[in-house]
Amino acid sequence: WTITEKTIKDEIIPLIIKVAKEKNVPVIDLHTALSDHKEMFPDGIHPNVTGAALIAQTISARLQAQRQE
């Protein structure tokens, strides 16, 4: 099995957004933050240490912003 950009963009993300709206919960958009950093995903799926750090930074920034809203 493979995980493709098309599947993520056209199927997975829309489902996540739909469920989030139904449950009235926010979504943290990691796709946008990571999409220009293919080098951080050596196997095309799992992040390396640098990618994991970017994920953590993106989540932290969004959570901090939510605290201030």
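In the predicted model, T58 is in contact with I28, D29, L30 and A33, its neighbours within four places in sequence being left aside. T58 belongs to helix α3, which covers residues 49-68. The relative accessible area of T58 is 19%, and the residue is therefore classed as buried, the cut-off for that class being under 20%. A polar atom of the T58 side chain lies 2.8 Å from the backbone oxygen of L54. Residues three or four places apart on an α-helix point the same way, because such a helix has 3.6 residues a turn.

Helix α3 also contains G51. With a relative accessibility of 0%, G51 is likewise counted as buried. Apart from neighbours within four places in sequence, the contacts of G51 are with L34 and M40. Between G51 and L63, which are 12 residues apart along the chain, the C-alpha separation is 18 Å.

A bend of about 30° occurs in α1 at I12, and the proline P14 follows within four residues. Just after the helix, N24 adopts a positive phi of about 55°.

D10 is placed in α1. Its relative accessible area is 46%, so D10 is assigned to the partly exposed class, which lies between the limits of 20% and 50%. The C-alpha atoms of D10 and A53 are 26 Å apart in space, and the two residues are 43 apart in sequence.

Empty space was also examined. Rolling a probe the size of a water molecule over the atoms shows where such space is left. The largest pocket of the model has a volume of about 650 Å³. Its lining consists of 21 residues, and those nearest the centre of the pocket are E5, I8, H31, L34 and F41. The elements that supply two or more residues to this lining are α1 and α2 (30-34). Helix α1 provides the largest share, with 6 residues.

Key. Residues are numbered from 1 along each chain as its sequence is written. This is a predicted model: local features need pLDDT of at least 70, side-chain atom pairs count only at pLDDT 80 or more; totals for chains, interfaces and linings use all residues. Side-chain values use heavy atoms; hydrogens and water are left out. The bend at a residue is the angle between axes fitted to the seven residues ending there and the seven starting there. Buried means under 20% relative accessible area, exposed over 50%, partly exposed in between (1.4 Å probe, protein chains only). A polar contact is a pair of N or O atoms within 3.5 Å; within protein, one must be able to donate a hydrogen and the other to accept it, and residues adjacent in sequence count only if both atoms are side-chain atoms. Contact means heavy atoms within 4.5 Å. On a 1 Å grid over the protein atoms alone, a cavity is a set of points where a 1.4 Å probe fits but cannot get out, and a pocket is an open set with protein on both sides within 12 Å along at least five of seven lines; lining residues have an atom within 4 Å of a point. Grid points are joined across faces, edges and corners, and a volume is the space filled by probe spheres set on the points.
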